[in-house]
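Hi,

Here is the structure I promised to pass on.

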Amino acid sequence: MSDDFVKLVEVGPRDGLQNEPYTVPTSLKLDLIDRLGATGLQVIESTSFVSDRAIPQMADAEDVIANLQRRPGIRYPALVPNERGYDRARSVGVDEVALFTAASEAFNRHNINCDIEESLRRFAPVVHRARAEGVRVRGYVSTVLGCPYQGEVPIADVVRVAEALFEAGCEEVSLGDTIGVGTPRKAGQLLHAVSQSIPMAQLAVHFHDTYGQALANIMTCLEMGVRVIDSSVAGLGGCPYARGATGNVASEDVVYMLEGMGLQTGIDLQELARVGDWIAGELGRPRSRAGQAVLKRH
Ligand code: HMG
Ligand code: MG
């Protein structure tokens, strides 16, 4: 893949919707995934197979996957927290999963009710089975630039967890600024540290935009060579276990910036802006800045 190509991992249908206060109908989720699939996006994280008591919004994970109109060339990964989630995902044909843990013990305890070591132990059989079954595995490290419970998170803790996921067999490790507190220099220092042991091509960045720093952080990471960026259409989202955290950086804003830098994404920005406008209207959410501007221009 050329160094000018940046892969966006669209997390709107999962990270974007998981915190919506009212139940989003399965049909609307499917419509969103289908419309996103028409924009040129290559990876659309579609749902999560977690406890419906923990995340009621994702209780229809099987229905979402079973009724997806898969488009050729698009990958539809799903989050799984444990072997039970993996079984559920596989039962409806998921062929790519994402495991998730955190660099902060306190966050992990709230999010997945276990400590970091235990989460890694739970992942081992999942990775083992995924390998045998040809299922691609991504790993997330949350709270990489700050934790809602612990505050500062030492870089060494992030490196340790990212390495553990990579060594366990995750083909891509996504660094999550779950509460969007990071700033560019810190984001750069973190990426530098993690990339000492994990090749840059296998790292992704996942910035929430709570403090409006996401694009600046992404810019720093692009300059350092990262080429996989997680984002959410219309900037939807937030994590239920990270109070006050807003959505991911908006996919429209990211694509606009990348285009301006002469980088390729394969995504039709106008089409993406239309999807963002539509879903923001459906959910009563604000539009992305770039998305709105693009639609006004045309
Ligand atoms: P637990 O309570 O420790 O697990 O939950 P347990 O094994 O004791 O089971 C408790 C109940 O959950 C049982 O049901 C299990 O059957 C059920 P009961 O018998 O009490 O009725 N259960 C499940 N049900 C469905 N699917 C499963 C499953 N596993 C157990 N896979 C667990 C542990 C991880 C399940 C729970 O804490 C959970 O589901 N947490 C989900 C948290 C979550 O989804 N958070 C948001 C995603 S992470 C995120 O947004 C961050 C990210 O975007 C990156 C970033 O921004 O940093 C990725
Ligand atoms: Mg997230």
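**Pockets and the ligand**

Sorted by class, the lining of the largest pocket is made up of 16 nonpolar, 12 polar and 7 charged residues. Before you read on, please keep in mind that this is a predicted model.

That pocket has a volume of about 630 Å³. There are 35 residues in the lining, and those nearest the centre of the pocket are Val-50, Ile-55, Pro-81, Phe-100 and Ile-112.

The elements giving two or more residues to the shell around ligand 1 are helix 1 (12–16), helix 4 (83–91), helix 5 (105–112) and strand 6 (136–142). Helix 4 gives the most to that shell, with 3 residues.

Now for the shell itself. There are 25 residues around ligand 1, and the ones that come nearest are Ser-51, Arg-53, Arg-84, Ser-142 and Thr-178. By class, the shell has 9 nonpolar, 11 polar and 5 charged residues.

A few polar contacts to look at on screen:

- Ser-51: a backbone N or O atom lies 2.8 Å from an oxygen atom of ligand 1.
- Gly-85: a polar backbone atom is 3.2 Å from a nitrogen atom of ligand 1.
- Asn-111: an N or O atom in the side chain is 2.8 Å from a nitrogen atom of ligand 1.

How much of ligand 1 does the protein cover? On its own, ligand 1 has 1,100 Å² of accessible area, and the protein covers 75% of that.

There is also a second largest pocket, with about 450 Å³ of space in it. It is lined by 21 residues, and Asp-209, Ala-234, Gly-235, Thr-246 and Asn-248 are the closest to its centre. By class, that lining divides into 8 nonpolar, 8 polar and 5 charged residues.

Cheers

Terms used: Residues are numbered from 1 along each chain as its sequence is written. Chains are lettered from A and ligands numbered from 1 in the order in which they are written. This is a predicted model: local features need pLDDT of at least 70, side-chain atom pairs count only at pLDDT 80 or more; totals for chains, interfaces and linings use all residues. Side-chain values use heavy atoms; hydrogens and water are left out. A residue is near a molecule or strand if one of its heavy atoms lies within 4 Å of it. A polar contact is a pair of N or O atoms within 3.5 Å; within protein, one must be able to donate a hydrogen and the other to accept it, and residues adjacent in sequence count only if both atoms are side-chain atoms. Accessible areas come from the Shrake-Rupley method with a 1.4 Å probe; for residues, only the protein chains shown count as cover. Helices (H or I, at least four residues) and strands (E, at least two) are DSSP runs, numbered from the N terminus. Ala, Val, Leu, Ile, Met, Phe, Trp, Tyr, Cys and Pro count as nonpolar, Asp, Glu, Lys and Arg as charged, and the others, Gly among them, as polar. On a 1 Å grid over the protein atoms alone, a cavity is a set of points where a 1.4 Å probe fits but cannot get out, and a pocket is an open set with protein on both sides within 12 Å along at least five of seven lines; lining residues have an atom within 4 Å of a point. Grid points are joined across faces, edges and corners, and a volume is the space filled by probe spheres set on the points.
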